[in-house]
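Load the model in your viewer and keep a selection panel to hand. The stops below go from loop to sheet to helices to pockets.

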Amino acid sequence: MPPSDELLAIATATKGFMPDDEAAALSEAAQTCGPGLWLEIGTYCGKSTVHLGAAAQAVGADLVTVDHHHGSEENQPGWQWHDASLVDPETGLIDTLPSLRRTLWLAHLEETVTPVVGSTAQVGRWWASPINFLFLDGNHTEEIAQHDYETFARHVVPGGTLAVHDVFPDPADGGAPPWHVVQRAVNSGAFEQISVTGSLRILWRTSGVAFG
Ligand code: SAH
Ligand code: MG
């Protein structure tokens with residue numbers, strides 16, 4: 001079921017990094033994988049969260065979204081994707097949590113989406129729940145992108161879905177770590193690629209192959 005016009009308008013008005021065609025593919029893939037627990041890594045102000053949250057609400061899934069809300073390297077002052085209006089004047093740090101809370105409230109998604117505020121290293125130390133749908137869109141350094149894959153993709157159930165954003169096989173188009181993650185997932189045999197939409201890759205967790 002496509003999201004309502006009202007939800008699409010809220011997603012469009014939310015700051016973030018998710019083109020409409022990729023958002024539609026993400027939402028469709030999530031709905032196809034069915035209910036259960038869905039996990040998003042990298043919330044920012046909640047743009048992709050609204051798309052995924054609307055899909056979760058439609059099928060009765062729970063969506064957890066993880067971010068420390070202080071932005072990635074490229075969001076810091078002096079970098080390409082810095083937005084000065086997101087800086088907390090008290091701390092001088094980026095803080096996207098207030099925007100996220102406003103977005104979820106406007107979208108009536110507070111009962112469907114559980115925000116977790118912390119780094120993926122922190123959350124990874126205690127995460128133990130099986131995941132039906134995993135969306136990796138957090139830090140794009142090699143170390144953390146690999147960490148996030150290793151830490152959370154091992155919990156994706158057989159038949160579950162892994163979505164990876166900002167995958168650029170040609171280094172001229174963007175950073176390589178998400179592409180390395182997709183290659184690792186496919187080469188391990190634990191995941192098979194299902195579709196490509198822009199920089200979004202959708203993979204499926206095979207059964208019978210140990211996570212690697
Ligand atoms: N999905 C969002 C975009 C996410 S941008 C959208 O659709 O617009 C990437 C996010 O990852 C940033 O908000 C940043 O704060 C977060 N991030 C970066 N490193 C992180 C880490 N180590 N742990 C948790 N979140 C992190
Ligand atoms: Mg992204």
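Begin in the loop between α4 (97-106) and β3 (113-117) and select His 108, which is found there. The model is a predicted one, in which local features need pLDDT of at least 70 and side-chain atom pairs count only at pLDDT 80 or more, while totals for chains, interfaces and linings use all residues. Residues are numbered from 1 along each chain as its sequence is written, chains are lettered from A and ligands numbered from 1 in the order in which they are written, and side-chain values use heavy atoms, with hydrogens and water left out. Helices (H or I, at least four residues) and strands (E, at least two) are DSSP runs, numbered from the N terminus.

His 108 has a positive phi of about 55° although it is not a glycine. With a relative accessible area of 59%, His 108 is exposed; the cut-offs are over 50% for exposed, under 20% for buried and partly exposed in between (1.4 Å probe, protein chains only).

Next select Tyr 44, in the loop between β1 (37-41) and α3 (47-59). Tyr 44 is not a glycine either, and its phi is positive at about 55°. Is Tyr 44 buried or exposed? Tyr 44 counts as buried because its relative accessibility is 12%.

**The sheet**

Now show the strands. Seven of them form an open sheet with mixed pairing, in the order β3-β2-β1-β4-β5-β7-β6. The edge strands, each pairing on one side only, are β3 and β6 (191-197). Neighbouring strands of this sheet are turned by 20° against each other on average, direction ignored. Two strands count as paired if DSSP finds at least two bridges between them. Strands of a sheet pair through backbone hydrogen bonds, either parallel or antiparallel.

For a parallel pair, select β1 and β4 (residues 131-136), which four bridges join. Trp 38 stands opposite Phe 133 in β4.

Then move to β7 (200-205). Five of the six residues of β7 are buried, so the strand is mostly covered. β5 and β7 are antiparallel, with four bridges; Thr 161 has Trp 204 in β7 as its bridge partner. The pairing of β6 with β7 is also antiparallel, over six bridges. Two pairs to display here are Gln 193, which stands opposite Leu 203 in β7, and Thr 197, whose bridge partner in β7 is Leu 200. The hairpin of β6 and β7 has two residues between the strands, and Gly 198 in that hairpin takes a positive phi near 55°.

**Helices across the sheet**

Select helix α2 (residues 20-33), which lies across β1, β4, β5 (156-164), β6 and β7 and runs at about 165° to β4. Contact here means heavy atoms within 4.5 Å. Axes are lines fitted to C-alpha atoms, for helices over the stretch in contact, and angles run from 0 to 180 degrees between N-to-C directions.

Which residues are closest to the centre of the largest pocket? Of the 42 residues that line the pocket, they are Ser 72, Glu 74, Gly 138, Asn 139 and His 140. The volume of the largest pocket is about 980 Å³. A pocket is an open set of points on a 1 Å grid over the protein atoms alone, where a 1.4 Å probe fits, with protein on both sides within 12 Å along at least five of seven lines; lining residues have an atom within 4 Å of a point. Grid points are joined across faces, edges and corners, and a volume is the space filled by probe spheres set on the points.

α6 gives the most to this lining, with four residues. By class, the lining has 12 nonpolar, 20 polar and 10 charged residues. Ala, Val, Leu, Ile, Met, Phe, Trp, Tyr, Cys and Pro count as nonpolar, Asp, Glu, Lys and Arg as charged, and the others, Gly among them, as polar.

Finish at the second largest pocket, with about 210 Å³ of space. Its lining includes Ala 9, Cys 45, Leu 86 and Arg 102. The largest share, five residues, comes from α4.
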